Amino acid sequence: MKLLPASLRWRLSAAIAVVSALVAVALSLLVRTEFSQTQLADARQLQDERIQLVVRDYALTGQAALGSELNSPGVPPELLGAVRGGQRATYLERAATGSWIWAAAETDGKVLSLRSPYSDRDDALNRLDQVLLIGSVGVVVLSSVVGVLLVSRLSRRFRLAAGAARKVADGDMTARVRDVIRDRPRDEAAELAQAIDGMADALQERLVAEQRVTADIAHELRTPVTGLVTAAELLPPSRPAEL
């Protein structure tokens with residue numbers, strides 16, 4: 001019987017820890033995804049605005065400005081395919097040497113391209129990952145501690161209720177569960193105590209009623225039995241007297 005409360009306590013605590021971990025992971029992934037998408041969208045917008053300036057300046061001067069290149073061989077094939085037909089596009093390139101955000105536009109059959117480093121944004125994302133990891137661990141640890149405390153309190157109330165119920169079963173009709181677990185808070189343990197105490201009160205009333213009936217029967221039988229014994233003592237020694 002002692003293993004059940006402990007098992008219940010640790011099972012509930014483990015469930016709270018698992019749920020907290022799942023919620024922390026889900027929120028961390030949501031925040032990371034949103035931050036990553038926002039970073040990429042900002043970088044694409046900035047690079048697109050820069051390539052538009054480059055195209056306008058090239059139309060006026062015929063020179064590639066702002067560090068852009070004309071028909072650069074390093075432009076990713078995916079980006080070249082996207083700008084064919086006079087289009088403008090951006091592209092995120094990740095390589096072993098680093099990450100780059102590209103922007104390109106086709107004008108007069110030539111491709112103007114502009115490349116900027118994206119590693120600083122990756123570093124910011126890595127720092128966010130560290131913060132989210134530390135925060136998630138902290139949330140899981142804190143929720144686990146709080147869960148253990150709350151579940152231990154509930155488990156203790158159930159153990160006290162079981163002890164009081166055993167006293168009633170052993171014959172102590174004055175023991176009541178509500179006296180050991182109190183009425184606060186009004187939870188399942190309090191409802192269990194109310195049910196057990198109601199059963200104990202009904203059992204005590206039945207025992208008292210049975211004792212009263214037994215006492216009445218004994219009182220009613222005492223007078224005729226006493227008369228029979230007295231009459232038997234007056235009989236002469238014989239077999240009927242012995243009976």
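Student: How many helices and strands does the protein chain have?

Tutor: This is a predicted model. In it, the protein chain has six helices and four strands.

Student: What order do the elements run in, from the N terminus on?

Tutor: The order is α-β-α-β-β-β-α-α-α-α.

Student: How much of the chain counts as buried?

Tutor: Of its 243 residues, 27% count as buried. The accessible surface comes to about 16500 Å². Carbon and sulfur atoms hold 62% of that surface.

Student: And what share of the contacts is between residues 24 or more positions apart?

Tutor: Take the contacts in the chain with a separation of 6 or more. Residues 24 or more positions apart account for 57% of them.

Student: What span should H3 have, and what does the model give?

Tutor: H3 has 51 residues, and at 1.5 Å a residue it should span 75 Å. Its end C-alpha atoms are 73 Å apart, which agrees.

Student: What comes just after H3?

Tutor: Glycine 171 does, with a positive phi of about 110°.

Student: Back to H1. Where is serine 20, and what does its side chain do?

Tutor: Serine 20 sits in helix H1. Its side chain makes a polar contact with the side chain of serine 143, at 2.8 Å.

Student: Is serine 20 buried or exposed?

Tutor: Buried, because its relative accessibility is 12%, and the cut-off for buried is under 20%.

Student: What does serine 20 touch, leaving out residues up to four places away?

Tutor: Serine 20 touches Val140 and Ser143.

Student: New topic: salt bridges. How many are there in the whole structure?

Tutor: A search finds four. One of them joins arginine 32 to aspartate 129. Their closest N and O atoms are 2.7 Å apart.

Student: Where do those two sit?

Tutor: Arginine 32 is in helix H1 and aspartate 129 is in helix H3. The two are 97 residues apart, so this pair links distant parts of the chain.

Student: How accessible are arginine 32 and aspartate 129?

Tutor: Arginine 32 is partly exposed, at 31% relative accessibility. Aspartate 129 is partly exposed too, at 24%.

Student: What does aspartate 122 pair with?

Tutor: Aspartate 122 forms a salt bridge with arginine 94. The closest N and O atoms are 2.8 Å apart. Aspartate 122 lies in helix H3 and arginine 94 in strand S2, so the bridge ties together parts that are 28 residues apart in sequence.

Student: Is aspartate 122 buried or exposed?

Tutor: Aspartate 122 is buried, with a relative accessible area of 15%.

Student: What about arginine 84, which residue does it bridge to?

Tutor: Arginine 84 forms a salt bridge with glutamate 106, the closest N and O atoms being 3.4 Å apart. Arginine 84 is in the loop between H2 and S2, while glutamate 106 is in strand S3, residues 98-107. The two are 22 residues apart.

Student: Which of these two is buried, and which is partly exposed?

Tutor: Glutamate 106 counts as buried, at 18% relative accessibility. Arginine 84 counts as partly exposed, at 47%.

Student: What is the bridge partner of glutamate 106 in S4?

Tutor: Valine 111. Eight bridges join S3 to S4, and these strands run antiparallel.

Student: What is in the hairpin of S3 and S4?

Tutor: The hairpin has two residues between the strands. Aspartate 108 takes a positive phi there, near 55°.

Student: How many bridges join S1 to S4?

Tutor: Two, and these strands also run antiparallel. Glutamate 69 has serine 113 as its bridge partner in S4.

Student: Last one: where is glutamine 87?

Tutor: Glutamine 87 is in the loop between helix H2 (77-83) and strand S2 (88-95). It is partly exposed, with a relative accessible area of 43%.

Student: What is glutamine 87 in contact with, beyond its neighbours within four places?

Tutor: Glutamine 87 is in contact with Ala82, Ala104, Ala105 and Glu106. Glutamine 87 and alanine 104 are 17 residues apart in sequence, and their C-alpha atoms are 8.4 Å apart in space.

Conventions
Residues are numbered from 1 along each chain as its sequence is written. This is a predicted model: local features need pLDDT of at least 70, side-chain atom pairs count only at pLDDT 80 or more; totals for chains, interfaces and linings use all residues. Side-chain values use heavy atoms; hydrogens and water are left out. Buried means under 20% relative accessible area, exposed over 50%, partly exposed in between (1.4 Å probe, protein chains only). Contact means heavy atoms within 4.5 Å. Accessible areas come from the Shrake-Rupley method with a 1.4 Å probe; for residues, only the protein chains shown count as cover. A salt bridge is a side-chain nitrogen of Lys or Arg within 4 Å of a carboxyl oxygen of Asp or Glu. The expected span of a helix is 1.5 Å times one less than its number of residues. A polar contact is a pair of N or O atoms within 3.5 Å; within protein, one must be able to donate a hydrogen and the other to accept it, and residues adjacent in sequence count only if both atoms are side-chain atoms. Two strands pair if DSSP finds at least two bridges between them.
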